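Student: I would like to learn how to read the features of a protein model, one at a time. Can we take the structure as it is shown and work through it?

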Amino acid sequence: MTDTQVVIAGAGPTGLMLACELGLTGVEVLVLERLPEPRTVESRAGGLHIRTMEVLDQRGLLDGFLERGRPRQDVHFSGLGIDLSDMATRYPYALLILQAEVERLLEERAAQLGVRLRRDAEVTGFTQDGTGVTVELADGSRVRADYLVGCDGGRSTVRGLAGIGFPGTPATMTAMLGDVELAEPPAADIFQERREHGRFSVLSYGPGWYRVLTNEFDHVAGRDEPMTMETLRKAMLKIAGTDYGMHSPRWLSRHGDAARQADRYRVGRVLLAGDAAHIHFPAGGQGLNTGVQDAVNLGWKLAAVVRGHAPEPLLDTYHAERHPVAARVLHNTRAQTALWRVDDHTSALRQMLDDLIGIDEVRLRLAGMITATDLQYPMEGTDDLLGRRISDLDLDRGRVYELLHRAHAVLLDLGGLPSLDTVVTGWADRVDVVRARPAEGSDLGADAVLIRPDGHVAWVTRAGERPDLDALRTALTAWLGPAGLQPRPRASRDCLGHDGEQPGQRRLHRLRGAGDQPGR
């Protein structure tokens with residue numbers, strides 16, 4: 001008997017997105033968050049990239065984010081602008097939205113899906129065996145689960161307790177951040193420059209307040225050094241020659257450019273995602289986005305294993321697919337940090353790169369890397385569509401991404417291929433067969449594709465070709481488990497007060513601590 005099927009440590013964007021993915025499939029989830037209250041002021045991240053908006057769209061969640069965000073049609077590589085307006089997507093822009101708002105929206109969705117959230121609940125230990133994980137909390141209580149996922153940040157307790165290595169490179173510089181008001185702000189909404197003593201940025205984030213950032217390359221701050229308004233003011237005066245009349249700070253923070261990555265994303269029944277698995281300098285705003293996309297890659301796989309649809313080795317594909325993605329993020333953020341340095345040699349290199357970005361092929365390659373739209377997971381087969389994200393085609397019955405709202409795999413038949421029916425019978429509970437026609441001007445160049453729940457192509461037959469049904473069976477088995485496999489029965493339980501409610505009807509419990517009543 002378990003208390004829940006999956007425990008997630010950490011209620012940041014990664015943990016909450018994973019909770020939503022699992023809750024959508026009916027998996028019982030308990031999120032444990034160390035902090036007693038939601039973040040309302042602190043927001044380390046400030047935007048969503050194209051692929052993150054696409055995966056939110058795949059779940060029918062994007063509209064709420066678009067309503068609260070502000071689009072900007074470019075991103076940057078070390079401060080060098082990259083235009084996104086001609087990217088092949090419905091969302092050719094970055095969306096400026098603070099992390100606190102992202103967390104609020106995801107928490108609301110998790111509540112709708114029956115996810116339970118326990119705040120003021122710090123994980124201090126765990127033991128795992130062949131049937132589950134027992135998680136120990138600071139208040140002395142324990143929770144038993146089938147799996148534990150550490151989404152608890154760069155100083156992850158779960159990672160440390162699991163004995164997972166975190167190799168990488170140490171900090172070489174100091175960055176400071178302040179959300180402040182400015183008496184004399186610069187005219188541009190986003191203003192950044194390199195000067196003799198470092199780099200600074202001033203970003204307009206809302207009516208009357210700004211985010212001020214500084215990078216100093218001649219100093220590595222110690223973890224215990226105080227971070228105050230005066231510290232930030234002195235850095236701005238040193239680098240920019242002015243502090244723009246900053247006052248009334250909302251939040252102050254300091255960080256470096258340490259870049260580290262977990263050497264394993266899974267140890268038995270314990271997994272890592274988000275900052276618990278990888279940290280880096282926040283160049284290009286890739287951290288939150290990488291974590292959310294980790295969650296979408298892991299969520300459907302973990303749900304399939306927990307529900308008994310697929311064998312445990314499916315979880316190993318999470319590390320195989322996502323570890324190289326984060327390694328590339330660490331690589332490009334190290335490069336960006338180096339290009340921000342202020343010596344003459346670096347300035348010459350920046351000028352050359354800026355010239356190269358003027359070439360469309362270079363610009364689009366960098367844009368694809370920053371926005372994660374160029375990812376291609378390893379798949380069996382040679383077709384270039386395999387492993388890539390599916391385009392959101394307009395169909396005669398809606399859009400492709402609307403077909404993914406249930407987090408089911410989709411076999412999309414665009415060519416009227418009745419032979420597919422004979423193959424998918426054994427997976428009828430795990431794959432939706434959709435027959436449709438592309439709208440005018442919307443062409444994939446294929447008669448049929450198998451789309452995984454995360455929106456990546458797992459099998460394809462090109463237009464006019466005879467479909468390889470054996471390859472389709474292989475793909476269905478690899479990603480969805482053996483044909484005809486019955487889901488594992490779930491024992492009833494009453495220890496967490498579900499009272500027979502169905503997914504989507506349970507309320508989100510915000511337990512403040514041992515003996516406290518559910519909040520709000």
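Student: What order do the strands have in the open sheet of three strands?

Tutor: Strands (E, at least two residues) and helices (H or I, at least four) are DSSP runs, numbered from the N terminus. Two strands pair if DSSP finds at least two bridges between them. Here the order of the open sheet is E12-E18-E21, and the pairing is antiparallel. Strand E12 (168-169) and strand E21 (278-279) are the edge strands, each pairing on one side only. E12 is joined to strand E18 (residues 259-261) by two bridges. Within that pairing, Gly 168 has Arg 260 in E18 as its bridge partner.

Student: Which helix packs on the sheet?

Tutor: Contact means heavy atoms within 4.5 Å. H8 packs on the sheet and touches E12, E18 and E21, with its direction at about 170° to that of E18. Such angles run from 0 to 180 degrees between N-to-C directions, and axes are lines fitted to C-alpha atoms, for helices over the stretch in contact.

Student: What should I know about the model before going on?

Tutor: This is a predicted model, in which local features need pLDDT of at least 70 and side-chain atom pairs count only at pLDDT 80 or more, while totals for chains, interfaces and linings use all residues. Residues are numbered from 1 along each chain as its sequence is written, and side-chain values use heavy atoms, with hydrogens and water left out.

Student: How is a pair of packed helices described?

Tutor: Two packed helices are described by the angle between their axes and the distance between the axes. In this model, helix H7 (residues 287-306) packs with helix H8 (residues 316-339) at an angle of about 175°, and their axes are 10 Å apart. That makes H7 roughly antiparallel to H8. The classes are: under 35 degrees roughly parallel, over 145 roughly antiparallel, 65 to 115 roughly perpendicular, and the rest oblique.

Student: Which residues in H7 and H8 meet?

Tutor: From H7 come Thr 290, Gln 293, Asp 294, Asn 297, Leu 298 and Lys 301; from H8 come Thr 317, Tyr 318, Glu 321, Arg 322 and Val 329. The residues of this contact divide into three nonpolar, four polar and four charged. In this scheme Ala, Val, Leu, Ile, Met, Phe, Trp, Tyr, Cys and Pro count as nonpolar, Asp, Glu, Lys and Arg as charged, and the others, Gly among them, as polar.

Student: Asp 294 forms a salt bridge with which residue?

Tutor: A salt bridge is a side-chain nitrogen of Lys or Arg within 4 Å of a carboxyl oxygen of Asp or Glu. Asp 294 forms one with Arg 322, and the closest N and O atoms are 2.8 Å apart. Asp 294 lies in helix H7 and Arg 322 in helix H8, so the pair ties together parts that are 28 residues apart in sequence.

Student: Are Asp 294 and Arg 322 buried or exposed?

Tutor: Buried means under 20% relative accessible area, exposed over 50%, and partly exposed in between (1.4 Å probe, protein chains only). Both Asp 294 and Arg 322 are buried.

Student: Which residue meets Glu 321 in a salt bridge?

Tutor: The side chain of Glu 321 meets that of Lys 301, at 2.8 Å from N to O. Glu 321 is in helix H8 and Lys 301 in helix H7, so this pair ties together parts that are 20 residues apart in sequence. Glu 321 counts as buried at 3% relative accessibility, and Lys 301 counts as buried at 0%.

Student: What does a salt bridge within one helix look like?

Tutor: Take Arg 104 and Glu 101, whose side chains meet at 2.6 Å, N to O. The two are three residues apart in helix H4 (residues 99-112), so about one helical turn separates them. Arg 104 is partly exposed, with a relative accessible area of 33%, and Glu 101 is partly exposed at 22%.

Student: How many salt bridges does the structure hold?

Tutor: The structure holds 42. A network of salt bridges links Asp 57, Arg 90, Asp 392, Asp 394, Arg 399 and Glu 402.

Student: How many residues of strand E13 are buried?

Tutor: Eight of the nine residues of strand E13 (residues 174-182) are buried, so the strand is mostly covered. E13 pairs in the antiparallel sense with strand E16 (residues 209-216) over seven bridges, and Gly 178 has Val 212 as its bridge partner there. E13 also pairs with strand E17 (residues 246-255), again antiparallel and over seven bridges.
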